[in-house]
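These are my notebook entries on one structure, written down in the order in which I looked things up.

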Amino acid sequence: QVQLVESGGGLVQAGGSLRLSCAASGRTFSRYAMTWFRQAPGKEREVVVGISKSGSSTYYADSVKGRFTISRDNVKNTVYLQMNSLKPADTAVYYCAANELSIITTPRGMDYWGKGTLVTVSS
């Protein structure tokens, strides 16, 4: 069992930046590939970015490629999402999730979830 806690959400103007953090506790963090998902009001939860257990491989949704960066620190047991050039369309609740095998880009494939942090981008 792994506990995941997101932080860093808030209100930011379009074009601004935020850094989200997901702190893990419980089992060894390096055993999990980590993925960030987001869900806007009235929309399905969608993948944003993912990172492999070692950090050597990453995945980026087309909508955020070039603007968002995922990274992890296996000493601090934390995964980060650096978000630059934010747009109003990025407004959503952002969730981190863990998978024991590899990067998974569908919500049904994830083993553990955080409770989310809200990001609001104003125009």
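**Entry 1: ground rules.** I am working on a predicted model, in which local features need pLDDT of at least 70 and side-chain atom pairs count only at pLDDT 80 or more, while totals for chains, interfaces and linings use all residues. I number residues from 1 along each chain as its sequence is written, and side-chain values use heavy atoms, with hydrogens and water left out.

**Entry 2: the whole chain.** I looked up the secondary structure and found 11 strands and zero helices in the chain, where helices (H or I, at least four residues) and strands (E, at least two) are DSSP runs numbered from the N terminus. The radius of gyration, taken over C-alpha atoms, is 13 Å, close to the 14 Å that the globule rule gives for 123 residues, so the chain is as compact as a globular protein of that length. For the record, the globule rule is 2.2 Å times the number of residues to the power 0.38. Along its principal axes the C-alpha trace spans about 40 × 30 × 25 Å.

I then turned to cover and contacts. Buried residues (under 20% relative accessible area, with exposed over 50% and partly exposed in between, for a 1.4 Å probe and protein chains only) make up 42% of the 123 residues. The chain exposes about 6,300 Å², of which carbon and sulfur atoms supply 47%; these areas come from the Shrake-Rupley method with a 1.4 Å probe, and for residues only the protein chains shown count as cover. Of the contacts (heavy atoms within 4.5 Å) with a separation of 6 or more, 58% are between residues 24 or more positions apart.

**Entry 3: the sheet around β8.** In which order do the strands of the four-stranded open sheet stand? I read it as β1-β3-β8-β7, with antiparallel pairing, where two strands pair if DSSP finds at least two bridges between them. The strands β1 (2-7) and β7 stand at the edges with a single partner strand each, so one side of each is left without a neighbour in the sheet. The twist averages 15 degrees from one strand to the next, with axes as lines fitted to C-alpha atoms (for helices over the stretch in contact) and angles running from 0 to 180 degrees between N-to-C directions.

I followed β8 (residues 78-83) through its neighbours. Six bridges join β8 to the antiparallel β3 (residues 18-26), and Arg19 has Gln82 as its bridge partner there, while Leu18 stands opposite Met83. Six bridges also join β8 to β7 (residues 68-73), again antiparallel, and on this side Phe68 has Met83 as its bridge partner. Five of the six residues of β8 are buried, so this strand is largely enclosed by the rest of the structure.

**Entry 4: the partners of β9.** I noted that β9 is mostly covered, with seven of its eight residues buried. Seven bridges join β9 to β4 (residues 33-39) in antiparallel fashion, including the one between Gln39 and Val93. Three bridges connect β9 to the antiparallel β11 (residues 117-122), where Tyr94 is partnered by Thr117.

**Entry 5: the disulfide.** Which cysteines form the disulfide? Cys22 is joined to Cys96 with an S to S distance of 1.9 Å, inside the criterion that the sulfur atoms lie within 2.5 Å. Cys22 lies in β3 and Cys96 in β9 (residues 92-99), so the pair ties together parts that are 74 residues apart in sequence. The torsion about the S-S bond is about 50 degrees, so the disulfide is right-handed. Cys22 is buried at a relative accessible area of 0%, and Cys96 counts as buried at 0%.

Entry 6: Asn77 is partly exposed, with a relative accessible area of 28%. Ser85 has a positive phi near 50 degrees and sits in the loop between β8 and β9, where Ser85 counts as partly exposed at 40% relative accessibility.
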